[in-house]
Amino acid sequence: MLIKKPTGLTFSETTPKSVYVNRRNFLRGLGIAGAATVVGQRFASILSLSTSVQAGTKLATVKSAYTVDEKISSYNDVTHYNNFYEFGSEKSDPAKNAQNFKTIPWTVSVEGDVKTPRKFSLEEIMHLAPLEERIYRHRCVERWSIVVPWIGYSLSTILKLVEPLPTAKYVAFQSFYDLRVMPESRFTGLDYPYVEGLRLDEAMHPLALLCVGMYGETLPNQDGAPVRMVIPWKYGYKSIKSIVKIKLQGGEPPTSWNRQSSHEYGFYSNVNPNVDHPRWSQATERRLGEIFMHKTLMFNGYADQVASLYAGMDLKKFH
């Protein structure tokens, strides 16, 4: 069940040491260093409103009701144990190989069966709606899980702006791909660019997060900078990274892992402990950085919110 996070600071409301030191130097230069404790929070908030979208930029956020009260995974773990096959198939590869990935400038094309197709710059995406901090459980098909304070807003915000036509039934996503900057992708066995998809009603669900940050800052390159999806009731590979195109269409779109191995990876990919992966059980999971296993929850614990989307469906057949 989703519950509101207890009253307290979000990650974006804490000031890094470097910002604090720079603020003190700025105030000292004005001859009012003694006033730092009085105006500190106001000055920090001004800094956080920067329109820069470089990786590691501090973001101003609002608290969200779409959050869970659970122990948050280590930032180091979440940024150094990744699936991002464009930068290599080993979990440690993306953190090493994505450091020179250039994400500015960036645009996302939203097109297809819509009344007003358009391209959004990253700056526009960052300001379409208040950025919410949402602590989500996130489950990977390889039996490990994380709890992350993601930053963004519901994907429905941007979809409503382009006005889906009645013919739109699905939403297709495409990641950035350039072999020149992603040479490790040649050895991963996937076809590129990476593609994913949702039914339109799934994409319009408020939990489906268009994500631009985590842990109070813009996304690191290895975690899908500069903009990605986070769909907490589905396995991690559905949460496509580094999005460049969103297309609304009438038919079910292809998805990368389903195309690579359809008997292992279904289109829906909902977290379902009753459907085993052909090579392992999905009944339990291990939180990254922990030793003990946890029982896997149906829809990753979000059944109260999303089960109605699949009423009447055979969830073993449509896995």
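**Strands and core of a predicted model**

A hairpin of five residues leads from S2 to S3 in this predicted model.

Me: Which strands stand at the edges of the open sheet, each with a single partner strand?
Reply: Five strands make up this open sheet, with mixed pairing, and their order is S3-S2-S11-S6-S7. Strand S3 (118-121) and strand S7 (195-199) each have a single partner strand, so one side of each is left without a neighbour in the sheet. From one strand to the next, the twist averages 20°. The strands at the edges are therefore S3 and S7.

Me: Which residue in S7 does Val-171 stand opposite?
Reply: Strand S6, made of residues 170-175, runs antiparallel to S7, and five bridges join the two. Across this pairing, the residue in S7 that stands opposite Val-171 is Leu-198.

Me: Which residues touch the most other members of the largest nonpolar core?
Reply: The largest nonpolar core holds 76 residues, and its largest share, seven residues, comes from strand S5 (residues 144-154). The core residues that touch the most other members are Trp-233 and Ile-246.

Note on methods
Residues numbered from 1 in each chain as written. Predicted model: local features only at pLDDT ≥ 70, side-chain atom pairs only at ≥ 80, totals over all residues. Heavy atoms only, no water. Pairing = 2+ DSSP bridges. Helix = DSSP H or I, 4+ residues; strand = E, 2+ residues; numbered from the N terminus. Axes fitted to C-alpha atoms, helices over the stretch in contact; angles between N-to-C directions. Core = buried A, V, L, I, M, F, W, Y, C linked by side-chain atoms within 4.5 Å. Buried < 20%, exposed > 50% of the residue type's maximum accessible area, 1.4 Å probe, protein only.
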